[in-house]
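Open the model in a viewer and keep the selection tool at hand. The stops below are meant to be followed in order.

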Amino acid sequence: KARVTTARLIDLGAETDWPGAPPAAIKVKVGHPGRWTEELAGLERLATRFPEVPVRIDANQAFEPEAVGPRLGALAALALRSGLRIEFVEEPSAGSWPVETALPLARDESLWDRRPEVAPFDGAAAVLKPTLLGGMATVRRWAAVAPKAVVSHAFEGPVAHAAAAAGALATAPGVIAGLGPHAGVTAWPDVVAAHVQEDTLVVPGVPGLGCWRVDR
């Protein structure tokens, strides 16, 4: 069996639910209205709790264009002050992004209407969701041109999640995937998703995806 390590999605505002042991990587969501100061404070606490863990910060295009520069600057300053290991900032805004920034950036939503064959890549990492990009064939094409390819999910069920795990192994085996367990995987009580083991996804060494239906 092959294994794919995946990042852990955590809520900055729910510190009591943070994992006890350091995960391989952490993903957090920011950009909630009126909570930027709280989010920065949460990231600083995260750096204290998990100083060696890379953190992926996803804004989901929530920053207003005029706020992108200042907020990326605030994140860079926080990283210098606290030691927070920012792996990348994902989709800071729906508008254009600054060319000069001290932080690595990543694209997700802004890839959906692009084609890797005709759109030159701008140096950002690519967060690739197979079901939103048209399948693994497109994911593999993006992975061929992106400096870093992170296979992720769109909160699908266990079968699509298992397929994405297999795709991550084939496409970007050395990159921590964005396929942490979520409610969509466990929402089907009659489907066993044997591939999910905490922060590790097990890809079966036999045909199939490691999912099967059971009678209740």
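A pocket, as used here, is an open set of grid points where a 1.4 Å probe fits, with protein on both sides within 12 Å along at least five of seven lines; its lining residues have an atom within 4 Å of a point. Keep in mind throughout that this is a predicted model.

**Stop 1: the pocket**

Select Leu 9, Lys 27, Ser 152, His 153 and Gly 178. These residues lie nearest the centre of the largest pocket, whose lining has 20 residues. The space inside this pocket comes to about 220 Å³. Now show strand 2 (8-9), strand 3 and strand 5, the elements that each contribute two or more residues to the lining. What is the make-up of the lining in nonpolar, polar and charged residues? There are 9 nonpolar, 5 polar and 6 charged residues.

**Stop 2: the whole chain**

Zoom out and colour by secondary structure. The protein has 6 helices and 12 strands. Of its 216 residues, 47% are buried. Taking contacts between residues at least 6 apart in sequence, 62% join residues at least 24 apart.

Next, colour by pLDDT. The average for the protein is 87, and 90% of the residues score at least 70. Where is confidence lowest, and where is it highest? Strand 12 (residues 211-213) has the lowest mean, 68, while strand 4 (residues 54-58) has the highest, 98. Where pLDDT is low, the predicted coordinates should not be read in detail.

**Stop 3: the nonpolar cores**

Select Val 28, Leu 43, Leu 46, Ile 57 and Leu 75. Within the largest nonpolar core, which has 30 residues, these are the ones with the most contacts. Strand 3 (26-29), helix 1 (36-49), strand 4, helix 2 (65-82) and strand 5 (85-90) each give two or more residues to this core. The element that gives the most is helix 2, with 6 residues.

Centre the view on Leu 43 and display its surroundings. Leaving out residues up to four places away in sequence, Leu 43 touches Leu 12, Val 28, Ile 57, Leu 75, Leu 78 and Leu 84. Another core lies apart from this one; it has 18 residues, including Val 4, Leu 111, Leu 133 and Ala 177.

**Stop 4: Ser 82**

Go back to helix 2 and select Ser 82, which is found in that helix. Is Ser 82 buried or partly exposed? Its relative accessible area is 23%, so Ser 82 counts as partly exposed, the cut-off for buried being under 20%. Apart from neighbours within four places in sequence, Ser 82 is in contact with Glu 44 and Ala 47. Draw a distance from Ser 82 to Ala 47: the C-alpha atoms are 6.3 Å apart, although 35 residues separate the two in sequence.

**Stop 5: two positive phi values**

Most residues other than glycine have a negative phi. Select Asn 60, in the loop between strand 4 and helix 2. Asn 60 is not a glycine, yet its phi is positive, at about 50°. With a relative accessibility of 33%, Asn 60 is partly exposed.

Then select Phe 155. This residue is in the loop between strand 8 (149-151) and helix 5 (158-171). Phe 155, also a residue other than glycine, has a positive phi near 60°.

**Stop 6**

Select Thr 200, in strand 11 (residues 200-203). Its relative accessibility is 23%, so Thr 200 is classed as partly exposed.

Finish at Gly 134, in the loop between helix 3 (130-133) and helix 4 (136-145). Gly 134 counts as exposed because its relative accessibility is 65%, and the cut-off for exposed is over 50%.

Methods. Residues are numbered from 1 along each chain as its sequence is written. This is a predicted model: local features need pLDDT of at least 70, side-chain atom pairs count only at pLDDT 80 or more; totals for chains, interfaces and linings use all residues. Side-chain values use heavy atoms; hydrogens and water are left out. pLDDT is the predictor's confidence in each residue, from 0 to 100. Helices (H or I, at least four residues) and strands (E, at least two) are DSSP runs, numbered from the N terminus. A nonpolar core is a set of buried Ala, Val, Leu, Ile, Met, Phe, Trp, Tyr and Cys residues joined through side-chain atoms within 4.5 Å. Buried means under 20% relative accessible area, exposed over 50%, partly exposed in between (1.4 Å probe, protein chains only). Contact means heavy atoms within 4.5 Å. On a 1 Å grid over the protein atoms alone, a cavity is a set of points where a 1.4 Å probe fits but cannot get out, and a pocket is an open set with protein on both sides within 12 Å along at least five of seven lines; lining residues have an atom within 4 Å of a point. Grid points are joined across faces, edges and corners, and a volume is the space filled by probe spheres set on the points. Ala, Val, Leu, Ile, Met, Phe, Trp, Tyr, Cys and Pro count as nonpolar, Asp, Glu, Lys and Arg as charged, and the others, Gly among them, as polar.
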